[in-house]
Amino acid sequence: MRHQFGEFGGQYVPDPVVKALGELEKAFEEAIEDSSFIEEYKMYLKEYVGRPSPLFYAENMTNDLGGAKVYLKREDLNHTGAHKINNVIGQILLAKRMGKKKIIAETGAGQHGVATATAAAMFDMECEIFMGEEDTIRQRLNVFRMEMLGAKVTPVTTGTRTLSDAVDFAIAQWVERIDDTFYLLGSAVGPHPYPVIVKEFQKIIGKEAKKQILEKEGRLPDYCIACVGGGSNAIGLFAEFVPHEEVKLIGVEAAGKGIHTDEHAATMTLGKEGVLHGMRTIYVQDDNGDVKPVYSISAGLDYPGVGPEHAYFKESGRADYFAATDEEAVDSFLYLSKTEGIIPAIESSHAIAYARKFVPTLSKDEIVIINVSGRGDKDVEAIESFLRNR
């Protein structure tokens with residue numbers, strides 16, 4: 001299995017974790033070669049998650065922007081309201097296969113936490129979710145949903161009390177509980193094999209989108225656009241199109257209050273190479289090379305790093321990465337709501353924000369797919385507060 005993406009990736013973790021990662025890698029490699037495992041995974045995606053998710057032609061948005069045809073990959077219509085459930089089902093089946101009884105996970109926006117709590121309830125497994133204290137405030141609805149599903153939600157009070165700190169805490173807890181506990185990591189980040197595992201279980205997004213666009217248009221899209229924090233929804237959409245060089249891949253990260261300020265999460269724009277959360281990647285650093293606090297209105301995008309494969313895509317030029325501010329994301333949240341009757345997650349709204357600037361520069365015979373990675377019900381209170389205090 002591929003450990004590195006160019007110079008990025010790898011395993012930068014203590015010896016006990018290396019051993020656990022080796023066991024996880026072995027179980028994963030055996031599982032994806034086992035037809036019964038794959039069939040069970042596909043069954044749950046269809047019968048429980050509700051896949052395939054639609055590829056919707058956004059006619060109103062297309063006409064309004066006056067450029068390329070715009071299609072929306074509707075991950076917001078999945079059970080639990082986001083793309084996160086795709087990966088959770090795959091990993092919890094791995095946990096079951098490995099004989100683990102307890103699940104721990106980290107979450108930012110709460111969608112991965114909700115998906116994990118949902119699957120843990122279905123499989124009758126003990127579940128604890130670590131969430132930055134600041135994010136528990138911003139995403140109170142999702143905290144309540146996790147608790148309703150039977151999960152214990154533990155606020156993390158260190159650092160900036162957001163996603164990065166939740167990841168740190170979850171890894172530390174896993175080290176202490178490795179024997180009976182499975183760490184269900186939510187994004188395409190962390191030490192090998194997690195980025196590979198998450199990509200494997202999220203690539204269903206791109207597989208479906210490719211099949212759907214060929215049925216609808218008879219050809220591949222010219223552009224695929226997705227928001228990027230750690231990067232799981234983007235890697236899921238991009239994966240199937242990577243071999244097709246004619247398809248341009250665009251990731252959109254969080255510029256927060258502006259990349260000229262200290263309140264942003266513009267990893268690809270302003271980050272440097274280094275080791276973070278067990279992987280070599282790009283992350284936002286201070287002058288000493290330490291992780292710098294990041295900010296975004298989006299609890300799912302205020303992560304200081306990015307998955308190693310995205311770092312490789314940037315370095316190799318296979319994908320381009322841009323940033324959208326809070327203002328642009330909120331405006332685009334309202335735009336898609338009013339234009340198409342679709343309330344997107346504030347994370348997904350960053351991708352919509354870039355598309356609103358980019359699509360008008362394209363010709364009418366070009367095609368763009370945007371991944372709507374989740375629904376925005378969880379964000380309505382935060383958006384209302386933002387608009388009230390604007």
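In the predicted model, a polar atom of the serine 348 side chain lies 3.2 Å from the backbone nitrogen of glycine 374. The side chain of serine 348 also takes part in a polar contact of 2.7 Å with the side chain of serine 373. Serine 348 belongs to helix α15, which covers residues 346-358. With a relative accessibility of 1%, serine 348 is classed as buried, because the class takes in residues under 20% relative accessible area. When neighbours within four places in sequence are set aside, the contacts of serine 348 are Cys227, Asn371, Val372, Ser373 and Gly374.

The chain as a whole contains 16 helices and 14 strands. Its radius of gyration is 19 Å, in agreement with the value near 21 Å that a compact globule of 390 residues would have. The C-alpha trace spans about 55 × 45 × 40 Å along the principal axes. Of the 390 residues, 60% count as buried. Among contacts with a separation of 6 or more, 75% are made by residues 24 or more positions apart.

The accessible surface of the chain amounts to about 14900 Å², and carbon and sulfur atoms contribute 50% of this area.

Definitions and conventions:
Residues numbered from 1 in each chain as written. Predicted model: local features only at pLDDT ≥ 70, side-chain atom pairs only at ≥ 80, totals over all residues. Heavy atoms only, no water. Helix = DSSP H or I, 4+ residues; strand = E, 2+ residues; numbered from the N terminus. Rg over C-alpha atoms; globule rule 2.2 N^0.38 Å. Buried < 20%, exposed > 50% of the residue type's maximum accessible area, 1.4 Å probe, protein only. Contact = heavy atoms within 4.5 Å. Areas by Shrake-Rupley, 256 points an atom, 1.4 Å probe, with all protein chains shown as cover. Polar contact = N/O pair within 3.5 Å; in protein donor to acceptor, adjacent residues only side chain to side chain.
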